[in-house]
Amino acid sequence: MAAISVVVLGLLALAILVGPWVWRVAIDDIDFTARLATPSWEHPFGTDDLGQDLLARMLYGGRISLAVGFAAMAVGLFFGTVVGSIAGASKGPVDAALMWVTDLFLSLPQLPLLLLVIYLFRDGLKAWVGSEGGTFILIVLVIGGFRWMPVARLVRAQFLSLREKEFVEAARALGASKLRLVVRHILPNALGPVIVAGTIDVAAAIIAESTLSFLGLGFPPDIPTWGRLLYDAKDYLDIAPHWALFAGGAIFLTVITINFIGDGLRDALDPRKVM
Amino acid sequence: MGNYLLRRLVVALPSLLGISLILFVLLALAPGDPFGELASNPNIPPEVREALRIKFGMDDPILLRYLHWLVAMLHGDWGFSFASRVNVDTLILQRIPATLYVVGSSQLLALAVALPVGVLAAMRPYSIFDQIANTFAFIGFSLPTFFTGLLFILIFSVNLGWLPFVYRADIHATGWLWYWENIKQAIMPVAVLGLFQAASYTRYVRSAVLDVIKLDYVTTARSKGLAERKVITRHVVRNALIPVVTLVALQMPTVFGGAIITEQIFRIPGIGSLLISAILANDTPVIMAVTFVFACLVVLFNLVADILYGWLDPRISFR
């Protein structure tokens with residue numbers, strides 16, 4: 001399943017990256033004679049309520065959805081690795097305090113807080129770096145900022161077992177500094193499971209971004225991310241179901257392939273689970 | 001047990017304080033001034049604005065402001081909703097039963113599906129049933145709730161016309177009809193939320209049961225001649241449930257997130273849809289209060305999980 005998923009996800013990514021050069025229809029090409037058209041040769045995915053071509057919009061939106069997913073994953077992995085490394089490398093109160101913060105963040109209601117942060121900071125950041133960039137940075141930071149906790153726990157657990165291993169002790173005996181021990185010896189060995197967790201995080205981040213857009217609080221209306229397409233489509237379910245089905249199908253396909261890849265990676269890297 | 005409960009309560013308090021601190025810091029860091037609108041109003045002289053700022057303590061040190069805010073929250077003084085012109089606490093009390101009703105029944109549904117399916121799948125790992133269950137679980141938690149919600153509406157409301165897709169609090173019917181209408185309109189939201197959760201719970205239950213089922217005491221129970229049914233229900237499931245309870249408690253933030261989405265799709269008058277409409281109406285006191293209520297609910301359910309722990313594994317409560 002994981003192998004098929006890699007192929008499907010690769011095709012999807014290729015379509016999103018190359019698609020706009022092949023399918024040369026503008027995303028904001030309004031055509032009132034073809035409103036809410038069902039799929040045809042002219043518009044393979046049909047059109048929306050303004051007669052805009054859905055295939056072009058989905059290709060464009062897919063770029064944003066995937067970019068948000070990967071960027072948020074990177075932010076989450078970065079924070080998680082930093083917090084987990086500090087907690088794992090230090091003993092005593094620092095470790096305890098960091099783990100308390102991690103547990104606190106784990107028990108936060110994420111979606112309400114996500115909405116709250118976006119509501120509070122949206123306008124300020126927009127004024128600072130512009131509408132599109134501001135929303136992108138905000139969404140990536142916020143989604144990543146609420147997904148670092150499992151990574152931090154994972155990294156800390158790896159550190160706790162790795163720092164007692166012989167090769168670390170050998171490096172310590174050779175006089176390596178604490179920083180060098182952590183960065184050169186422990187961290188590279190701790191990253192395996194982190195990468196698996198990161199794969200699943202991409203899927204979670206894509207869902208989170210689509211959720212925000214679906215609630216009408218993500219990207220501005222002129223940027224058709226997949227969640228935004230669904231949000232616009234939900235009022236036309238009875239007359240134009242293809243609109244919602246294509247956008248939702250794309251999210252589903254991306255998420256399930258990423259989940260399958262993550263699952264396959266975990267099976268491959270962790271032989272204990274396979275019985 | 002009473003002692004244990006008290007200890008858990010004492011542990012829960014700092015996390016509530018932490019959450020309130022995070023909320024307050026967010027509010028304080030956010031750009032924009034609650035009195036900004038007054039500044040642009042030419043009818044209000046600057047002296048009045050200054051007096052208002054001092055009255056509401058806007059220039060006090062931040063820690064003092066936090067304390068004031070916390071004391072006000074504890075007194076139940078949650079502010080006044082600008083959009084609906086009522087006190088925030090009455091507004092939330094009106095809305096909270098619908099949310100708890102939907103979330104509660106969806107959790108029951110999720111467990112009712114996940115427990116038997118997970119246990120059966122783990123009893124015969126890699127059988128056909130296990131593989132089918134696994135595939136469905138994968139599909140289930142890869143389908144975001146907002147998409148399943150729309151799919152359900154499309155199939156059951158638009159195409160088949162069986163179920164209403166707008167949730168109504170004021171149903172004009174009496175007696176059995178009233179109950180029937182209420183159940184009918186709750187089916188779709190509960191199913192959307194419950195099946196999504198059931199998918200991930202099934203995987204938890206399966207792996208927890210797999211961990212337990214090979215242990216020696218299960219073999220002992222079998223060799224004593226206990227019926228398979230009894231071995232599974234009394235010896236395997238009870239012990240397998242302990243990690244499942246943790247994972248379910250950890251899922252609570254996600255559950256309430258899902259509740260916001262389903263409430264929005266099916267227009268259920270709960271606190272989730274209240275949050276969204278408050279955000280769209282820039283109604284800051286309501287937004288803060290609802291977020292805080294969600295945080296409290298999560299902490300509360302973690303507490304419930306702790307109590308369940310003590311019941312499932314009595315050793316924990318004696319420690």
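Two residues are in contact if their C-beta atoms, placed from the backbone, lie within 7 Å. The coordinates to which this criterion is applied belong to a predicted model.

Helix H2 of chain A, residues 54-89, packs against helix H8 of chain A, residues 178-214, at an angle of about 145°, and their axes are 7 Å apart. The crossing in which H2(A) passes H8(A) is right-handed. On the H2(A) side, the residues that meet H8(A) include A:Ser65, A:Val68, A:Gly69, A:Phe70, A:Met73 and A:Ala89. Among their counterparts in H8(A) are A:Lys178, A:Val182, A:Leu187, A:Asp201, A:Glu209 and A:Ser210. By residue class, the contact of H2(A) with H8(A) divides into 12 nonpolar, seven polar and three charged residues.

Helix H8 of chain A also has a part in the contact between the chains. That contact takes 36 residues from chain A and 38 residues from chain B. On the side of chain A that touches chain B, H8 is joined by helix H3 (93-106), helix H4 (110-129) and helix H10 (241-269), each of which supplies at least two residues. H4(A) gives the most to this side, with 12 residues. The residues of the side of chain A that touches chain B comprise 26 nonpolar, seven polar and three charged.

The nonpolar core may be considered next. The largest nonpolar core holds 152 residues, of which A:Leu230, A:Ala247, B:Leu275 and B:Val290 touch the most other members. Leaving aside neighbours within four places in sequence, B:Val290 is in contact with A:Pro112 and, in chain B, with B:Ile92, B:Ile271, B:Leu274, B:Leu275 and B:Ala278.

Chain B itself has 13 helices and zero strands. Of its 319 residues, 34% count as buried. Among contacts in chain B between residues at least 6 apart in sequence, 72% join residues at least 24 apart.

A:Ile4 is found in helix H1 of chain A, which covers residues 2-22. Is A:Ile4 buried or exposed? A:Ile4 counts as exposed because it has 12 C-beta neighbours inside 10 Å, and a residue is exposed if the number is 12 or fewer. The C-alpha atoms of A:Ile4 and A:Phe260 are separated by 9.0 Å, although these residues are 256 residues apart along the chain.

How values were computed:
Residues numbered from 1 in each chain as written. Chains lettered and ligands numbered in written order. Predicted model: local features only at pLDDT ≥ 70, side-chain atom pairs only at ≥ 80, totals over all residues. Core = buried A, V, L, I, M, F, W, Y, C linked by C-beta atoms within 7 Å. Buried ≥ 20, exposed ≤ 12 C-beta atoms within 10 Å, placed from the backbone. Axes fitted to C-alpha atoms, helices over the stretch in contact; angles between N-to-C directions. Helix = DSSP H or I, 4+ residues; strand = E, 2+ residues; numbered from the N terminus. Left-handed = near helix turned anticlockwise from the far one by under 90°. Nonpolar A, V, L, I, M, F, W, Y, C, P; charged D, E, K, R; others polar.
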